[in-house]
Amino acid sequence: MNLQNVRWILSREIRDQLRDRRTLFVVLVLPILLYPLLGMTFFQVSQFMREQPISVLVVGARDMVGVPPLFEDDRFAEELFTDPYKRNLIEVDFASAEPRQRDDADSVMVFTPAETGEAVIAGRYDAAVYFPLDFADRLEAFREAIQQRAQQREGNGVSKSPEIEVPLQIPSPEIIYNTANEKSQLAFARLSEVLRQWKERIGETNLEASGVSPAVAKPFEVETADVADQTGLRGAAVWSKIFPVLLLIWAMTGAFYPAVDLCAGEKERGTLETLLSSPAERSEIVVGKLLTIMLFSIITAALNLVSIGITGWLLLAKLPGLGPPPLSAGVWLLLALVPVSALFSALCLALAAFARSTKEGQYYLMPLLLVTMPLAVLPMSSGVELTLGNSLIPVSGMVLLLRAALEGNHWVALQFAPPVVAVTLGCCYLAIRWAVEQFNSEAVLFRESERLDVGLWVRHLVQDRRPTPTAAAAVFCGVLILVVKFFMSFAMPQPTDFREFAVTTVITQLVVIATPALLMMVIFASSPRQTLLLNPPRGKTLLAAAALAVVLHPVMTALQWAVMRLYPVSDSMQQALRGLEDIFHGAPFWQVALVIALAPAICEELAFRGFILSGFRHLGHKWRAIVFTAIFFGLTHGILQQSLIASLTGVVVGLIAVQSGSLFPAILYHLVHNSLALASVQFVPIGLERWPILRHLAEVSEGGGIAYSLPAIVAGGVLAAALMIWFEHLPHTKSTEEQEQERIDRALQMDAGS
């Protein structure tokens, strides 16, 4: 790579971007003005934000007599409020639970529980408190009985007369509210606090009546001390949730629009051909554009973070419980900004290179946001912590690392920084490789804009069918299977015995997995044999596939154990899995194998290594087709831990299908793989009891599974690697796109060598 060419392209692209006033405004001006304006707007709007009064209906408690009082002057008693101002925010209307007359002969409203609920539903009241008819009488009887018992004990010493019985059955008042109405929920919260305070006052009064000091119930008070001020990290918990998300959003936004202008914009302006005809290599062009996009991404994110930091220091830090941003945040954010900007710059560059026009390129921002935002926002929940497993998740690991660092947990951040950085750099490398491939593809760079006519498009797909489906049809099939499976999982009943489980599983495999693939094959492909790889297999490939499943079983079991340690299964999920295992115990092994092993082996291989893999082969890269198919295969398994293992299994099965040119070795591998998983749980413990010498190879784990020894895992891994290398060297039929890509790669290697 010629660095002088890269420097020339970098300076050219920077000059072009600096001439664009819109770019300068978004990168330089907008971050400086945005957050101060938002802060001023917030304080202006806050003047109109005030607590609104609520209307409450109280049924059956207007004339309630007792100590302490619940009402004073037609409102709740003032002593029940920690803030007296809030007493005036509750407007009370009284009603009776039974017909009666006032002294002035004016009738009182009468409400039954049903009518009280209807009044709340109709919106006449925000909430209601319904006291049963005899609530006051029973409460008074309860207090009097306690007082009489205390007097009896005090006067007689050890009483010889029967002790007075205290009535403990007091009916409970009921708060009636509407969760569909936000104001009603607010009324419920206020009423709950008032009644809780009143209940505590009643308890204290009853203790006094029984001759016991109320201090017995509360022997001490708990004092609190916040040490955040001593560390200088007051409010860091809030900033640690704001800064990482803003870093990702602005790094992506700052990279996206320059990338669209540098690629799709150049296509529209007709300057891309001139750049491609220059002496610079395609990789040098990509690096030059990538550095330009990274520069604008870093500047945009940095200015936004500085702007919100200053705004927070001047304005937001005055809010209670929120201090100024910690000074160490700038260091951590700056360290994370470079790899994050590199990742999003490469992704945006590849997407922009794929776009036909600037308008089309802007459409790709939403899918990128939809993929990124869950990974950025999910780690903000309090239940997600920085662990080794979470640190290996792209984007999420970086967010968790920054959150730990900004909260002052520097040792935890340094401990997990290596895996987070490694994963981020690995994603950067893959994104850059993708961008380089986009620029090396003439079909991508010079795609012409076209209008979509749905009728013509469907007619073209049906009438001009190729022997195998397109990559778009493969994606559509995979997404369709995932969507149908998602809704079917809620529609199918939970099985209670093996028969119901067998019916549910077989229906799912036939209807959800196999049927969409077979229907789409009829519509979008003209050769079922080529699409589904229904070629007669060679005997040695069948034997090698079965042997590979056997020797790889200890390795897959060890990987499953590692995945479970990295991402532990929740207690509810473990209970559900144990219930599923109990269903299997009463069924014969051959029936379980038919349902768990044979049915998925046939249906899933027809769909994934048949239709979907054949479509992805048109991408021009064998391994890319195998990996994409394996990802769809893994996503069909509902549990995350199963999805990871299934994806790894899908890579192995995909290699077998491609190299053998037949679906039957893949089906055999799938069948043996699932059967071994079932047999190891059912038969291996029995074998270990009969032949103790086998304990050198495996043992029963605490959870009831099988744990293989390290020699067995290593031996299985070595044999599996040898068999996979053997499969890799088998001569196989390449798709037209794969042959064309190989010619392009050879030409590029020759150019690089010369």
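**Reading a predicted protein model**

Q: Is Arg609 buried or exposed?
A: Arg609 is buried, because its relative accessible area is 0%. Buried means under 20% relative accessible area, exposed means over 50%, and partly exposed lies in between (1.4 Å probe, protein chains only). Glu605 also counts as buried, at 0% relative accessibility. This is a predicted model, in which local features need pLDDT of at least 70 and side-chain atom pairs count only at pLDDT 80 or more, while totals for chains, interfaces and linings use all residues. Residues are numbered from 1 along each chain as its sequence is written, and side-chain values use heavy atoms, with hydrogens and water left out.

Q: How are Glu605 and Arg609 placed in helix α24?
A: An α-helix has 3.6 residues a turn, so residues three or four places apart point the same way. Glu605 and Arg609 are four residues apart in helix α24 (residues 589-616), so about one helical turn separates them. Their side chains meet in a salt bridge at 2.9 Å, N to O. A salt bridge is a side-chain nitrogen of Lys or Arg within 4 Å of a carboxyl oxygen of Asp or Glu.

Q: How many salt bridges does the structure hold?
A: Side chains of opposite charge can pair when their charged atoms come close. The structure holds ten salt bridges. One of them joins the side chains of Glu13 and Arg12 at 2.6 Å, N to O, and both of these residues are buried. Another pairs Lys289 with Glu266, also at 2.6 Å, N to O. Lys289 lies in helix α10 and Glu266 in helix α8 (residues 264-269), so this pair ties together parts that are 23 residues apart in sequence. Lys289 and Glu266 are both buried.

Q: Which elements make up the protein, and how many of each?
A: The protein has 30 helices and eight strands. Helices (H or I, at least four residues) and strands (E, at least two) are DSSP runs, numbered from the N terminus. Of the 754 residues in the protein, 43% are buried.

Q: Why is helix α15 described as largely enclosed?
A: Eleven of the eleven residues of α15 (residues 396-406) are buried, so the rest of the structure largely encloses this helix. Among the buried residues are Ser396, Met398, Arg403 and Leu406.

Q: What is the phi of Val395, the residue that is not a glycine?
A: Most residues other than glycine have a negative phi, and most peptide bonds are trans. Val395 has a positive phi of about 70° although it is not a glycine. Val395 sits in the loop between α14 (388-391) and α15, and counts as buried at 12% relative accessibility. Leu533 is not a glycine either, and has a positive phi of about 55°. Leu533 belongs to the loop between α21 (528-531) and α22 (539-566), and is buried, with a relative accessible area of 13%. Gly408, which follows α15, has a positive phi near 95°.

Q: Which residues is Ala280 in contact with, leaving aside its neighbours within four places in sequence?
A: Contact means heavy atoms within 4.5 Å. With those neighbours left aside, Ala280 is in contact with Asn5, Ile9 and Ile285. Ala280 and Ile9 are 271 residues apart in sequence and 8.6 Å apart in space, C-alpha to C-alpha. Ala280 is placed in the loop between α9 (272-276) and α10 (282-314), and is buried, with a relative accessible area of 8%. For Thr649, found in helix α26 (residues 640-660), the contacts beyond four places in sequence are Met556, Tyr669 and His673. Thr649 is buried as well, at 7%. Among contacts in the protein with a separation of 6 or more, 76% come from residues 24 or more positions apart.

Q: Which residues make the nonpolar surface patch of about 680 Å²?
A: Patches are made of residues with over 30% relative accessible area and no salt bridge; like charges are joined within 9 Å, and nonpolar side chains (Val, Leu, Ile, Met, Phe, Trp, Tyr) within 5 Å. The patch of about 680 Å² is made by Phe25, Val26, Leu28, Val29, Ile32, Leu33, Leu37 and Met40. Areas come from the Shrake-Rupley method with a 1.4 Å probe; for residues, only the protein chains shown count as cover. Val26 lies in helix α2 (residues 21-46) and counts as partly exposed at 31% relative accessibility.
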